[in-house]
Amino acid sequence: MTNRTQSRSAYMEFAKLRSGARFNLASSGMAAFPLRELGVGIEQLEINGPDNYGYEPLKQAIAHRYRVAEECVVTAAGTSMANYLAMAACADPGDEVLIEQPTYGLLLDTARYLGLTVRRFQRPAARDFQVDLEDLKRSVSDRTKLIVLCNLHNPSSALLANDTLQEIGRIAGSVGARVLVDEVYLEMLWQSQPQSAVHVAPDAFISTNSLTKAYGLSGLRCGWALASPEVAERMWHINDLHGATAVYPAELLSVIAFSKLDEIAAKQKSVLNQNRRLLREVLESQSALEYFWPEHGTVVFPRLRSGNVEKFCERLKREYEISVVPGHFFEDPERIRIGVGGATEDVRDSLEQLRLALPELFS
Ligand SMILES: Cc1ncc(COP(=O)(O)O)c(C=O)c1O
């Protein structure tokens, strides 16, 4: 059992305090989408809105986009809060939660903060970070209340097929557990009618998401969960304990963003396609990193064929002004996470710098 008063997130502290650099390849989100491009007039904003369980037009926009009933939508401060609420709604202190390994550190930190007993199932690099279903079957028990994973996977961007999700739903159902799928990177498939795990089995799955990563709108804190009405109601009640109301101007801006999401997506998609081409060229031209190439997403999680990752990252930053995420933040100290969501000219410069650094650091 962790001591709640000592709770902190090593990854968040790294991301906020130490991930910056002239050549930033540490971020996983798309570059910020500016307010001026959203085409908002000040007369469309207001400070105070109705006190309610979610701003109706925003819930409607989300329900419409994901083709679910409005009572299945819970809005929250980012995917982060949605994940927290989902875990809190599905498991009591001491209950068991099964979390993929490797995973996004905040999922582990949040589960531990909530006093949940964390067990793991593997997404082996040797299987391109797909879920090891046999391992999952071995790991579930009558004590399991929740299975937690990301799709796309952070840190590898691996995509899970629907039949894999179906099987995970079946495994969870066999012990009466639910499945939480963080889909914040799934938006990078740029679908106008996005697929979600909740379409696979609405009662078994809870999906979480936001406008943060794919659309560059992190400042809106526009997150949500899709869940059965029963779980959604529990999440609303827990959310009450954390903030009486949401930030109304952000909700208004989020509704506007939803009305223009296809345009925003088209812009970000074209940026990411270019960036991914540049990244692939650099990865193909070097021999220091062994990598799985994902079909989507901003991040890759290559392994250093030799040498110490911590020292490598330190030299990369000190001598070449490049930041990447050391793999220990994602539970694999032999790897680094490289992200290419930034503006293409920045990503191009950063990757050129990396192309220069790799042979020099490994000669
Ligand atoms: C898997 C995953 N979920 C959630 C978040 C945070 O998203 P939000 O800004 O919507 O809280 C991140 C950020 O890195 C992430 O990688």
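This is a predicted model: local features need pLDDT of at least 70, side-chain atom pairs count only at pLDDT 80 or more; totals for chains, interfaces and linings use all residues.

**Strands, sheets and a ligand shell**

Reader: What makes β8 a partner of β7?

Author: Four bridges again, this time in the antiparallel sense, link β7 to strand β8 (residues 222-226). One of the contacts to look up is S210, whose bridge partner in β8 is G223.

Reader: And what joins β5 to β6?

Author: Strand β5 (residues 144-150) pairs with β6 in the parallel sense over five bridges. There, C150 stands opposite D182.

Reader: Why is the pairing of the seven-strand sheet called mixed?

Author: Strands of a sheet can pair either parallel or antiparallel. The open sheet of seven strands, in the order β2-β8-β7-β6-β5-β3-β4, has mixed pairing: β6 and β7 are parallel, while β7 and β8 are antiparallel. At the edges are β2 (73-77) and β4 (117-122), each pairing on one side only. On average, neighbouring strands of this sheet are turned by 25° against each other, direction ignored.

Reader: Why is β7 said to be largely enclosed?

Author: A residue is buried if 20 or more other C-beta atoms lie within 10 Å of its own. In strand β7 (residues 205-210), six of the six residues are buried, so the rest of the structure largely encloses it. F205, S207 and N209 point one way, I206, T208 and S210 the other, and all are buried.

Reader: What makes β10 and β13 edge strands?

Author: They belong to an open sheet of three strands, in the order β10-β14-β13, with antiparallel pairing. β10 (299-300) and β13 (325-326) each have a single partner strand, so one side of each lacks a neighbour in the sheet. Two bridges join β10 to β14 (residues 336-339), and V300 stands opposite I338 in β14.

Reader: Which residues come nearest to the ligand?

Author: Of the 13 residues around the ligand, G78, T79, S80, S210 and T212 come nearest. Helix α4 (residues 78-90) gives the most to this shell, with three residues. By kind, the shell has three nonpolar, nine polar and one charged.

Terms used. Residues are numbered from 1 along each chain as its sequence is written. A residue is near a molecule or strand if its C-beta atom, placed from the backbone, lies within 6 Å of it. Ala, Val, Leu, Ile, Met, Phe, Trp, Tyr, Cys and Pro count as nonpolar, Asp, Glu, Lys and Arg as charged, and the others, Gly among them, as polar. Two strands pair if DSSP finds at least two bridges between them. A residue is buried if 20 or more other C-beta atoms lie within 10 Å of its own, exposed if 12 or fewer, and partly exposed in between; C-beta atoms are placed from the backbone. Axes are lines fitted to C-alpha atoms, for helices over the stretch in contact, and angles run from 0 to 180 degrees between N-to-C directions.
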